[in-house]
Amino acid sequence: MFPAHRPRRLRTTAAMRRLVGETTVRPRQLVLPMFVKEGATQPVAISSMPGVFQHTRESLLKAAVEAVQAGVGGLMIFGVPAERDAVGSGATDPDGILNAALNDLRAELGDSTVLMSDCCLDEFTDHGHCGVLAVDGTVDNDATLEVYGEMAVAQATAGAHLVGPSGMMDGQIGFIRTALDEAGFLDTGILAYSAKYASALYGPFREAVDSQLKGDRKTYQQDPGNGREALREVALDLAEGADMVMVKPAGPYLDVVRSVKEISDVPVAAYQISGEYAMVEAAAANGWIDRERTVLETLTSIRRAGADVVLTYWAVEAAGWLDRE
Ligand code: PBG
């Protein structure tokens, strides 16, 4: 018997495929993560992330303007301080590199984009952990919350539209929400890194922020094998007032993106992280895969899984490709 149903009919021509395509990726849905390095006099290339730089304050502004002109939906800013200490003082200092850069960006860009800031201590501590340490060397959750509250207010003061707590401390969303409200920042939102896994794929990022970390983050970031636990984290963050929730990394956790999408009544973001970027760049540089097709396929898949917003180091380049469609 010949088949009665022929799904291939809907794939016969490019026009037909275009008509019935289910998933869209638009530049406005992409967020560009960017690094700014204190004291840098010229942009510093990150060897494990070809094409990504630790910016100077000036080059950050220029690249940010270009990204906005390319149509990306937002920018996520990370600071790389010149000096670090045990409590990450540079994070709460209004003149600290991240806050200074946010100030520059908000002055230049106003409300023409959505400015986001990494609200976490790991870039600023001399031990590289995402929080302050207790005397026994473990990360002190509740003492860290106090610092996150201050850091969020400093970032909101400097011009962030959304603060992005990425430290996986318990109660961080509620604590930051209260701190922002008490300081009068009722309209500053929280992009919660709700389900953040202890991933090997953060490797290149650690170079990007000159991370001082020895050891790992397994006492606060999630175990890669745990899916239901992500839903618990998301439910807590929603109850605490998250304006958006995020899954991170993206590509290897698309099942988590999908299940978070099913329970979330706020936009869901996914972060295509440094290692995801590095793997594709390395394979493409070897001629083993087609770079543009691979990048667009990964972004489409993250959107198909349910992400409303995708953080990706390819945001600007992908926006250019997508605009041609
Ligand atoms: C923590 C933070 C990390 C990333 C974003 N925020 C690193 C970590 O948890 O070790 C990783 C992003 C990437 O790998 O692209 N402030």
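Tutor: P249 lies in the loop between β8 (244-248) and α9, where helices (H or I, at least four residues) and strands (E, at least two) are DSSP runs numbered from the N terminus. This is a predicted model, in which local features need pLDDT of at least 70, side-chain atom pairs count only at pLDDT 80 or more, and totals for chains, interfaces and linings use all residues. Residues are numbered from 1 along each chain as its sequence is written, and side-chain values use heavy atoms, with hydrogens and water left out.

Student: Is the peptide bond from K248 to P249 cis or trans, and what is its omega?
Tutor: Most peptide bonds are trans. The bond from K248 to P249 is instead cis, its omega being near -5°.

Student: What distance separates the end C-alpha atoms of helix α11?
Tutor: The expected span of a helix is 1.5 Å times one less than its number of residues. For the 15 residues of α11 (residues 291-305) that gives 21 Å, and the end C-alpha atoms agree, being apart by 21 Å.

Student: Which residue just after α11 takes a positive phi?
Tutor: Within α11, the buried residues include L299 and A305. Just after this helix, a positive phi of about 130° is taken by G306.

How values were computed: Buried means under 20% relative accessible area, exposed over 50%, partly exposed in between (1.4 Å probe, protein chains only).
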